[in-house]
Each structure stands twice: as structure tokens, then as C-alpha cells.
Amino acid sequence: MKKQVFNPFLPLDEYIPDGEPHIFGDRVYLYGSHDLEGGRTFCMGDYTVYSAPVDDLSDWRCEGVIYRAKQDPDYNERPYMYAPDVVRGNDGKYYLYYCMSGDYGVGGYFGPISVAVCDSPAGKYEYLGVVRWRDGSPMKKYVCFDPAVINDNGVIRIYYGTQYQGESNEILSKDESKLKAVMERFNKNREEILSTADNVNGAVMAVLEEDMLTVKEEPRHIIPYETDGTSFEEHPFFEGSSMRKVGDTYYFVYSSQQNHELCYATSKFPDRDFIFGGTIVSNGDVGLNGRTDADKLNMTGTTHGSIIEIGGQWYVFYHRLTHKSDYSRQACAEKISIAPDGSIKQAEITSCGLNNGALKARGNYPAVIACNITNGKMPHGSNKIFKDSFPNVTDADGERFIGEISDKTMIGFKYFEFSAAKSVSLVFKGNGNGSFKVYTDLQSAPIAELDLFPCDSWTNVSDAISLPDGVYPIYLVFGGEGMFSIKEIGFGE
């Protein structure tokens, strides 16, 4: 019997952001970067892959470390491997594409795109080389960052790039200070920048030869760099390229300059004429039902992922932030639908994610599966660890919990299926006094109230509930003094 699965769907001490899901054989594999729990910078771990049977997305297993940063020749200069992708070549082998970086992203725009190869999707990959020109020199046209690869009916297409606004070649040619800033950011000389068609920024595509290394068709922009007056004006490309082909339509999935949302654009061609489609998911639910950034439901920050169809159901894979930073990100997923007209409606972030419906309101759950954690003034991640206090997923002594809960904190779980629950409980500790009011609708009366008091060790508190059978969200709203942490939420029959 299949067990339940919730967000984050990997073990709670695992941090695999930038997820690219792919089906090879009868399993879905999640390739991504590897953050560390409480890490001090991005992507400190070696590439570790998880997989699940296509018919049981609750049964994820760790395939182990498939590739180590030390295997790359540039390791001593840039020791961290950023967002990768894997594609099956026409020779049946599997090819891993990635870029190296240093602390806090320094140097992440400097290098070429590295390639490793393996005979199986999650075996031990071996370094192969870098994406290169025909003369063997490294290909560094535009900005080599966040590569994504597809085998398009035998044609190997690689997508990559990043984009910062306000730096057109026309502006740069007239402003030496801005030009020098771009030269420093991308480690390119004046000629490389000003001679690149349109701009070194932007989302680009190249075609590779059968050797999976050599450029066959030179890189070119696939969407406009200048977004004013285009469909991309409100959601310009930033990073995180990913490409999927659905029927005869190409879906370009990317992280926008809002830096909390995955967006998509569609075209009948792999390298041009893309039209902005919309937002697929935001890790703060910004944009969903008109929600503004000021009212985001989590700390927001970097996101990266893609879409995939598994067993007739479409999903979007993305990541959430923990530990008050961008450096400990966890894989999440939500169900989505592609409408007959090709559009994708923005998904709501939930606790149930890959589960077959709502979670059963029975027994205990880790509190960190909460999909909404906010005090009404949550920050946006900015390549640092925040020192100020706000509610967040964190860890201590081998346990994961939501910490720094104070007055007006709201913690939301979506969704639970109630059929026989008679009580709701929390496992908590803290140094103040107050209570959690429990709601299924924030505009209605609470269904329970859980009183909290000073305690240094984990303590259980419960209250009776009475709900008609059905599916409900659960919102916990704290009112009181001091600071608390919660480790579990539970339901008794």
C-alpha cells in the first residue's frame, strides 16, 4: 500500500534545489544542486540523486552521490557545482551538464559549461570535458550559467544564460563605469561584451554535435533581451533555463527577475518566437489570486525547477527556502494542468504536493511540512543569512522544527482530509505565554485554541475539535509574548 507523501518530499534533512525531473525507464529521477542543512553558501554538497517509481511518487530512494565537485578540473578555483541537467544522448549514454562557482556565486559566470558522462541515469559519472568550439577551445559565448539540455528527436539542444536589466550594448558603449561593472561580473573583456549580438545577457540556445561537447549551431537568444513592449515585460528572464516539449509545442521554463517564481513561455520553434505564458508557481504564492509581494506567505527567494508529466498527471518541481537563507533549499512539487489551449494556471503551494489528494487528518506530522509560514513581513532572500528574527524552518540537535514564532505568526497546512478527528495537538517549546488559535478559514471563528506556556523541552498540548467530514486547510495563528518553536502537529480520533 502506498504511503503518504508531503512537501518537502525528500527526507527532511535533505536539500536538493534547482530540480530537473526526468523519466528514464520506469523511474523518475530528480537532478539538482545540493545544499547543506544550515549551509553558509550555495551548493556546498556533491550531486546526489533521488528517484521514485513512476507509479509511486511516495517511494523516493537515494541513489547516492553520482558526481563529486573534485572531479572537475576547475575545483580548486571554483569548488561548488551549480544547477545541473541530464539528458540521454543518441548513443544511449547519460550526459550531465553543469557550471562551477565559488562562495556566494562569485565566479559562477566565469567558466564554461562542464560535461560528465555515465552509462546509467544514476551511476557514477565521469568528467568528459567542456562545451567547446570546433577548434577545441571552451565555448563561453553569452554567459554560461544554469544549463538545460533536451534530446529533441535526435537533436541535442542546450539552453543557458542569465540576465540583468538596464545594460544594453548601447548604454554600455557610452558609460565606462557600467561597462566595467559588466566586465567584472562576467569576467569578459570589452570586445567580448560589445561585439556580442544584442547583449551578453539573456536566455540562449545552441545545438551540439553527436559528441555532446562540440557546438554545431552557435548560441543565439531565444527570447528578447529588451523586454519593454514585449510579453515578457512584467516577468523578464533571470536564470534557471529549462526546456520541455509537449506535443509540438516547446515550453521554456525559467526563473524570472522577481526571483521567487517559475514562469513559462511557449513556441512552435525551439529557438525563437516564444510568447510569455504566465507564472507556474511562486514560493511565496505571490500572484496567486492577486496576492501581492507585500502579502507573500513565506520568505521568498531563488527558485528553479521544471515541469513533467508522470502517469498522466503534470507536476511542477520547485524549491523552498529554510534556515533564513538561500543556502538550504528543499525540493517541493505541485500538481498542475496544461489546458487545451496550452496555458498553465498558477499552482498553489501546498503541504500535500505529490500525494494522491489531501493528507489524512490522523496521527502526527512534522510541523515543517507547513506550506505557509509568515509574520506578515517576511523578507526576500538576497544571497545571505538573515540575522533578524522571523519564523523559519530550522534544525538543532538532529531535529527539524519551525522556530522563532512570535506574536501574529501564521502557519498554514494545505490540505487535510477530516473524517474522524476529534482533537488537534502541537508539540512545542518556548519562553513566553500565549496561544495558537486554529482555523480552517481565517475569516471565520477558530475551531480550537492551544494554550502555550514556558517550557524548555518539547511538550504536547491539545484541544478538542468538531468538523464535518471534508478537506480543509489548517491555519495556526499565534498571539502572545515571547518566542516559541513547534515540532509536530497531530490529530486524534
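1. Helices (H or I, at least four residues) and strands (E, at least two) are DSSP runs, numbered from the N terminus. By that numbering, S282 lies in strand β18, which covers residues 275-282. This is a predicted model, in which local features need pLDDT of at least 70 and side-chain atom pairs count only at pLDDT 80 or more, while totals for chains, interfaces and linings use all residues. Residues are numbered from 1 along each chain as its sequence is written, and side-chain values use heavy atoms, with hydrogens and water left out.

2. S282 has a relative accessible area of 0% and is therefore buried (under 20% relative accessible area; exposed is over 50%, partly exposed in between; 1.4 Å probe, protein chains only). Beyond neighbours within four places in sequence, S282 is in contact with H260, E261, Q346 and I349 (contact means heavy atoms within 4.5 Å).

3. The largest nonpolar core has 37 residues. Such a core is a set of buried Ala, Val, Leu, Ile, Met, Phe, Trp, Tyr and Cys residues joined through side-chain atoms within 4.5 Å. Residues with the most contacts inside this core include I402, F436 and F491. Among the elements giving two or more residues to this core are β26 (399-405), β29 (433-439) and β33 (484-492). A second, separate core of 21 residues includes Y142, Y160, A206 and V215.

4. Seven bridges join β27 to β32, and the two run antiparallel; G412 stands opposite Y475 in β32. Seven bridges also join β29 to β32, again antiparallel, with N433 opposite E481 in β32.

Notes:
Two strands pair if DSSP finds at least two bridges between them.
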